[in-house]
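Subject: Handover of a structure

Dear colleague,

I am passing on the structure below, together with notes on what was found in it. Please read the notes alongside the coordinates.

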Amino acid sequence: QVQLVESGGGLVQEGGSLRLSCAASERTVSMYDMGWFRQAPGKEREFVAAISRRGLSTYYADSVKGRFTISRDNAKNAVYLQMNSLKPEDTAEYYCAADSRWGVLGTTASRYDYWGQGTQVTVSS
C-alpha cells in the first residue's frame, strides 16, 4: 500500500504561483501513474493533471492547461504540481493519487487506488 502526503499549499494572491509536492512512502512509486485532483467546498472532486509512470506522458484538465505543470522524480518518490497564474477559482483542497492500472491516464477519481489527505490552496483576488 502506498501512503501519500501532500505539502506546499497555502494562501496566494491572484496571479501568483505555488508548487505542491506529494511524497510517497513506497519505494516503487514508479509502478504507479500519478494524478492530482482538487475539491472545492460544495463541489465534486475534479481531475487536475496526471502523469505516467516514467513521466513520458501527461494530461491536464482544460481549466489548468498552460498554467499548471505536473512532474515526478521517481528517485525521490515524489510528484509535483507547479501552479502558475493562479486564479480564485483554483481555490480548493488538492489531493495526489496513485493509479496501479495500466493504460491511458486516468481522469476520474474512481480510477485511483491510493490518496493523500490533501493540502489547501487559497487564491485571493
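Is asparagine 77 buried or exposed? Asparagine 77 counts as buried because its relative accessible area is 15%, where buried means under 20% relative accessible area, exposed over 50% and partly exposed in between, computed with a 1.4 Å probe on protein chains only. The residue lies in the loop between β7 (68–73) and β8 (78–83), with strands (E, at least two residues) and helices (H or I, at least four) taken as DSSP runs numbered from the N terminus. The C-alpha atoms of asparagine 77 and glycine 103, which are 26 residues apart along the chain, are separated by 21 Å.

Before going further, please note that this is a predicted model, in which local features need pLDDT of at least 70 and side-chain atom pairs count only at pLDDT 80 or more, whereas totals for chains, interfaces and linings use all residues. Residues are numbered from 1 along each chain as its sequence is written, and side-chain values use heavy atoms, with hydrogens and water left out.

A search of the whole structure finds one disulfide, a term that here stands for a pair of cysteine sulfur atoms within 2.5 Å. It is formed by cysteine 22 and cysteine 96, whose sulfur atoms are 2.0 Å apart, and it links distant parts of the chain, since cysteine 22 belongs to strand β3 (residues 18–24) and cysteine 96 to strand β9 (residues 92–99), 74 residues apart. The link is right-handed, with 50° about the S-S bond. Cysteine 22 is buried at 2% relative accessibility, and cysteine 96 is buried at 1%.

Turning to the aromatic residues, the structure holds seven aromatic pairs; rings of Phe, Tyr and Trp (its six-membered ring) pair if their centres lie within 6.5 Å, and planes under 30 degrees apart count as stacked, over 60 as edge-to-face and the rest as tilted. One of the pairs joins phenylalanine 37 and phenylalanine 47, edge-to-face at 5.7 Å centre to centre with 75° between the planes. Phenylalanine 37 lies in strand β4 (residues 33–39) and phenylalanine 47 in strand β5 (residues 46–51), so this pair ties together parts that are ten residues apart in sequence.

Kind regards
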